[in-house]
Amino acid sequence: MILSINQTLLQFLEFKRDQVEGKHFHEILTVSSRIFFQLYFVPLIKTNRKIEEMYISLQSSNGEEIPVMVNALSKKGVEKTVSECVVFPIRKRNEYENELLIAKKESEDALAAMHKANAELEGTLKALEAKQEKLLELNEQNRKFKIDTKKELELAKKIQKTSLTDPISNKLIQIDAFHRASSELSGDIYGFYQIDEHRYGIILLDVMGHGVSSALITMSLHSLFQRLISFGVKSEVVMKELDLHLHRLFQNNEEARHYCTAISLIVNTDEQKIEYTNAGHPPAFWQDTRGKQHELKTTNVPIGMFEGIEYTSNSISFSGGDRLLLYTDGVTDPLSFNHLSALLKENASSPIGVLKEKIIDSLDNQKNKYHKSDDQCFIIIDLI
Amino acid sequence: MTQDIVSRNAVQVKGSGTRAIIFAPGFGCDQTVWNTVAKAFEKDYKVVLFDYVGSGQSDLNSYDIQRYSSLDGYTQDLLDVCSALNLKNAVFVGHSVSSMIGMLASLRSPEYFSNLIMVGPSPCYLNDPPEYFGGFEKEDLIGLLEMMDKNYIGWATMFASTLLNDANRPEIKSELEDRFCSTDPIIARQFAEATFFSDNRKDLSKVSVPSLILQCSQDVIAPESVGQFLYQQLPNSTYKKMEAIGHCPHMSHPEETIASILHYLNKASVSGALNG
């Protein structure tokens with residue numbers, strides 16, 4: 001209850017003395033202040049016996065809010081306890097405090113926003129780390145896969161190499177060859193077989209493309225030509241069978257279709273004759289003992305290209321000392337036809353092994369790596 | 001677990017009775033506000049005092065902004081205390097917001113409570129015209145929160161001076177020096193929001209535990225119309241209008257508060273005996 005109030009405060013509040021004296025203190029408080037007064041002022045004055053610098057809002061008779069600072073001291077009397085309150089209006093200070101609170105709120109909001117952004121950033125970072133982890137895992141898998149694949153390819157390469165025939169060397173004929181894959185596996189393949197006492201069958205094939213798919217086709221063709229040639233089948237028949245084989249292989253799968261160039265020879269040392277079929281293959285060199293070079297040119301289209309093609313053969317007669325060089329375009333592309341021709345001519349009297357090394361050296365010395373991207377293969381035949 | 005709750009909520013058990021009586025402090029205060037009233041019950045009851053997490057001597061480290069963002073977290077505190085002490089059919093005395101916390105706890109676990117004694121309760125502080133008059137407009141409550149913000153620095157120094165002036169003021173009871181109402185400002189503010197913006201009117205009709213509404217005179221925080229509303233809505237409730245003025249009769253008028261509680265409990269036990 002308000003027991004007494006001074007004139008100054010009455011003027012502030014625009015109340016008349018009898019309007020407030022004897023009334024509850026709530027009469028001069030805003031609604032918010034009434035709760036605050038009950039929650040804090042009453043318990044505090046009771047326990048502490050004093051209040052220092054409490055901020056509350058008074059309310060004037062016309063409803064105007066007056067922010068004030070209150071100090072109070074409680075004195076226990078004989079009959080009742082009296083609290084003396086001193087209030088200072090703090091309108092200006094209050095504005096200042098409001099500004100401070102707004103600034104505080106803003107900085108708190110900014111801090112919260114920063115925390116939020118930080119949390120988001122951390123989330124993103126974690127996601128990124130997880131992704132990186134996954135990537136490393138995949139990389140490792142990929143690396144293992146690569147190693148496995150490499151091992152597999154090396155094994156496949158060995159298998160392809162073992163299918164290649166060994167050099168032949170006797171008093172009537174010498175045959176040697178060179179075979180190098182651009183990648184692990186080659187699309188080039190060759191074979192030479194002694195059919196009987198006087199006859200030798202020789203074949204060189206180049207499946208379009210290189211790598212695993214081409215190599216698989218060479219292996220499929222190899223099993224067929226090995227049997228046919230060893231049986232002494234004529235070169236044009238060998239070619240026809242290989243052509244049929246390729247068409248059968250791809251009859252239901254146009255996308256996988258590969259064609260193939262090939263040259264096949266039957267050398268008869270007794271009759272000193274060669275029958276050959278050239279299915280779209282680069283012409284083979286035939287160099288006679290006087291050093292003159294001839295070409296065993298294309299007789300037919302490549303195999304596996306058009307169905308129903310009949311293959312033909314040509315025949316040449318040779319004499320002792322003649323030399324033949326069969327090759328794939330992987331040899332002439334880097335060296336050029338003329339260079340190979342010149343090499344052959346310069347080494348007319350060199351033994352077969354020396355010529356082979358010279359050609360290999362020339363191939364190895366080619367600076368243009370682009371040309372090494374194709375498989376390289378050649379066969380030298382010395383007729384004695 | 002039991003020990004954890006006892007230290008977390010600064011639980012104190014006093015008295016020589018068998019039946020338990022729990023005193024729960026109102027908003028912003030700790031258990032010391034009950035000292036005078038509770039003492040009167042020590043002879044016949046097992047008196048249980050505690051602090052909600054965030055106030056008094058409770059463990060501030062257990063404060064969880066999420067958990068205590070609504071009254072549910074505080075209700076869980078009360079249930080935890082009941083469970084830790086293995087209470088049954090206890091008398092619950094709650095001041096102000098604790099009346100509602102006790103009411104909510106009784107809905108979840110009625111077996112803990114025999115009676116709810118509500119000192120200055122309000123199920124909703126906001127006006128909801130035309131049916132309900134809680135006493136406040138939203139701006140009033142926001143004004144209160146602002147006032148809390150502005151008094152923050154004042155609080156710290158005020159309580160420091162209490163401690164320093166101890167020797168000069170021997171009349172102040174030692175237990176009141178400690179941390180009376182001196183909650184962390186951020187926690188106090190969150191508790192204020194949870195308290196003053198809560199609306200538990202819909203829960204009242206579901207209450208099964210008998211209750212006493214102690215309505216103070218001239219209580220701005222919980223006006224008479226609110227007390228009457230509670231009396232109408234709470235099944236099996238008793239309404240007692242006190243002479244005590246203000247919102248804290250347990251502190252301002254402890255004798256009347258004690259007498260009102262005892263009178264109700266005696267009548268309740270007589271009627272309980274008759275019915276039983």
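Predicted model: local features only at pLDDT ≥ 70, side-chain atom pairs only at ≥ 80, totals over all residues.
Student: Does A:Glu140 count as buried, or as partly exposed, and what is the class of A:Arg143?

Tutor: Buried means under 20% relative accessible area and exposed means over 50%, with partly exposed in between. A:Glu140 has a relative accessibility of 32%, so it falls in the class between those limits. A:Arg143 has a relative accessible area of 44% and therefore counts as partly exposed, and A:Glu140 likewise counts as partly exposed.

Student: How many residues apart in sequence are the parts that B:Asp77 and B:Arg8 tie together?

Tutor: The side chains of B:Asp77 and B:Arg8 meet in a salt bridge at 3.4 Å, N to O. B:Asp77 lies in helix α3 (residues 71-84) of chain B and B:Arg8 in helix α1 (residues 2-8) of chain B, so the pair ties together parts that are 69 residues apart in sequence.

Student: Which residues are joined with B:Arg8 into one network by salt bridges that share partners?

Tutor: B:Asp77 is buried, and so is B:Arg8. A further salt bridge, at 3.4 Å from N to O, is the one in which the side chains of B:Arg67 and B:Asp80 meet. This pair links distant parts of the chain, 13 residues apart, with B:Arg67 in the loop between β3 (46-49) and α3 of chain B and B:Asp80 in helix α3 of chain B. Salt bridges that share partners place B:Arg8 in one network with B:Arg67, B:Asp77 and B:Asp80.

Student: What is the relative accessibility of B:Asp80, and does that residue count as buried or exposed?

Tutor: The limit for buried is a relative accessible area under 20%. B:Arg67, the salt-bridge partner of B:Asp80, has a relative accessibility of 28% and so counts as partly exposed. For B:Asp80 the relative accessibility is 13%, which means that this residue counts as buried.

Student: How many salt bridges does a search of the whole structure find?

Tutor: Side chains of opposite charge can pair when their charged atoms come close. Taken over all chains, the search of the whole structure gives 28 salt bridges.

Student: In β4(B), which residue is the bridge partner of B:Ala24?

Tutor: Strand β2(B) pairs in the parallel sense with β3(B) over 4 bridges, and there B:Ala20 stands opposite B:Lys46. With β4(B), too, β2(B) pairs in the parallel sense over 4 bridges. In that pairing the bridge partner of B:Ala24 is B:Gly94.

Student: Which residue in β5(B) stands opposite B:Val91?

Tutor: Strand β4 (residues 90-95) of chain B and β5(B) run parallel and are joined by 6 bridges. Strand β5 (residues 113-119) is mostly covered, with 7 of its 7 residues buried. The residue of β5(B) that stands opposite B:Val91 is B:Asn115.

Student: Which are the edge strands of the open sheet of 6 strands in chain A?

Tutor: The order of the sheet is β4-β5-β14-β13-β10-β11, with antiparallel pairing. Within this sheet, β10 (residues 284-287) and β13 (residues 323-327) pair over 3 bridges, and A:Phe285 stands opposite A:Leu325. An edge strand here pairs on one side only, and the two are β4 (168-169) and β11 (293-296) of chain A.

Student: What is the relative accessible area of A:Phe306?

Tutor: A:Phe306 has its place in the loop between β11 and β12 (314-317) of chain A. Together with A:Met208, A:Tyr259 and A:Met305, A:Phe306 makes a nonpolar surface patch of about 340 Å². A:Phe306 is partly exposed, and its relative accessible area is 45%.

Technical notes: Residues numbered from 1 in each chain as written. Chains lettered and ligands numbered in written order. Heavy atoms only, no water. Pairing = 2+ DSSP bridges. Patch = residues over 30% accessible without salt bridge, like charges linked within 9 Å, V, L, I, M, F, W, Y side chains within 5 Å. Areas by Shrake-Rupley, 256 points an atom, 1.4 Å probe, with all protein chains shown as cover. Salt bridge = Lys/Arg side-chain N within 4 Å of Asp/Glu carboxyl O. Buried < 20%, exposed > 50% of the residue type's maximum accessible area, 1.4 Å probe, protein only.
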